Amino acid sequence: QDPRSILRRSAARALARLGSTDAVPHLISAASDPEDVEMRRAALQALRHLEAREASAIVRMSLTDSHPSVRIAAAECVSELVLESCAETVRSALSDWRDESMPELAYALGCVGGGDDVGAIVKAAGLCSSDTSRRRCLLGAARRLGVEALAYRLMIVKGFERDSAMLEVLKAMGGGGKRYLRTSLEAFTSGDEATATHILAEATNDPAILALAQANVEEGFLVA
């Protein structure tokens, strides 16, 4: 191990690019280096690229790291490798931290948590200060509800194009015969997203959609 941190981090990235699974034990060790934050982060990223599910224990420990960059790298491991054994730790970390790691933790919880976690995920979305971080949280909720691809599609379009896309979705769902779907869409397109989401929540009595309605987060309707 080279004592110079930058070389060690470069070595971790190189091992990931080479796809060398023989390096996994060394990367697990590097991910617990108490003296080097960037080394911990780089090692976790390498483990993710190597799809090293056997690293779940160090990933779980890293979710409680005091540095947000390490928690973000750990959360990315959880979501990409679907490390369900880390769900409870992700849940706790999302509750404990209110910083830049929150969106990635929320998304990770959407990947490995349960239906009851949607409330915590959308609460995190409501605390975000940027569109990007809020949407990352909401995509976690969408992942939990099985509509991530659709929600993402609706998020990246605006105005008339979004309205047209939503009408297509309504038709595909057979929504023409469901008055509450038409009514909620009309409310949304007229600018009353809160009412639109509440209409869906009341009609479906779905706890996850109710959580979205109660949180009243911008673009939450696109997930509901």
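I count a salt bridge when a side-chain nitrogen of Lys or Arg is within 4 Å of a carboxyl oxygen of Asp or Glu. The model is predicted, so I take local features at pLDDT of at least 70 and side-chain atom pairs at pLDDT 80 or more, while totals for chains, interfaces and linings use all residues. Residues are numbered from 1 along each chain as its sequence is written, and side-chain values use heavy atoms, without hydrogens or water.

**Salt bridges**

I searched the whole structure and got 16 salt bridges.

I looked up arginine 48 and found it paired with glutamate 80, closest N and O atoms 3.0 Å apart. The pair links distant parts of the chain, helix α3 (residues 37–49) to helix α5 (residues 68–81), 32 residues apart. Helices here are DSSP runs (H or I, at least four residues), numbered from the N terminus. Arginine 48 has 11% relative accessibility, so I class it as buried (under 20% relative accessible area; exposed is over 50%, partly exposed in between; 1.4 Å probe, protein chains only).

Next I checked lysine 158 and glutamate 219, whose side chains meet at 3.5 Å, N to O. Both sit in loops, 61 residues apart. Salt bridges with shared partners join this pair to Asp131, Arg134, Arg135, Arg162 and Glu218 in one network. Glutamate 219 is buried at 3%.

Aspartate 131 is partly exposed at 43%; arginine 134 is buried at 7%.

**Serine 133**

Serine 133 also lies in α9 (residues 131–145). I get 14% relative accessibility, hence buried. Beyond four places in sequence, serine 133 contacts (heavy atoms within 4.5 Å) Pro103 and Cys128.

Key. Helices (H or I, at least four residues) and strands (E, at least two) are DSSP runs, numbered from the N terminus.
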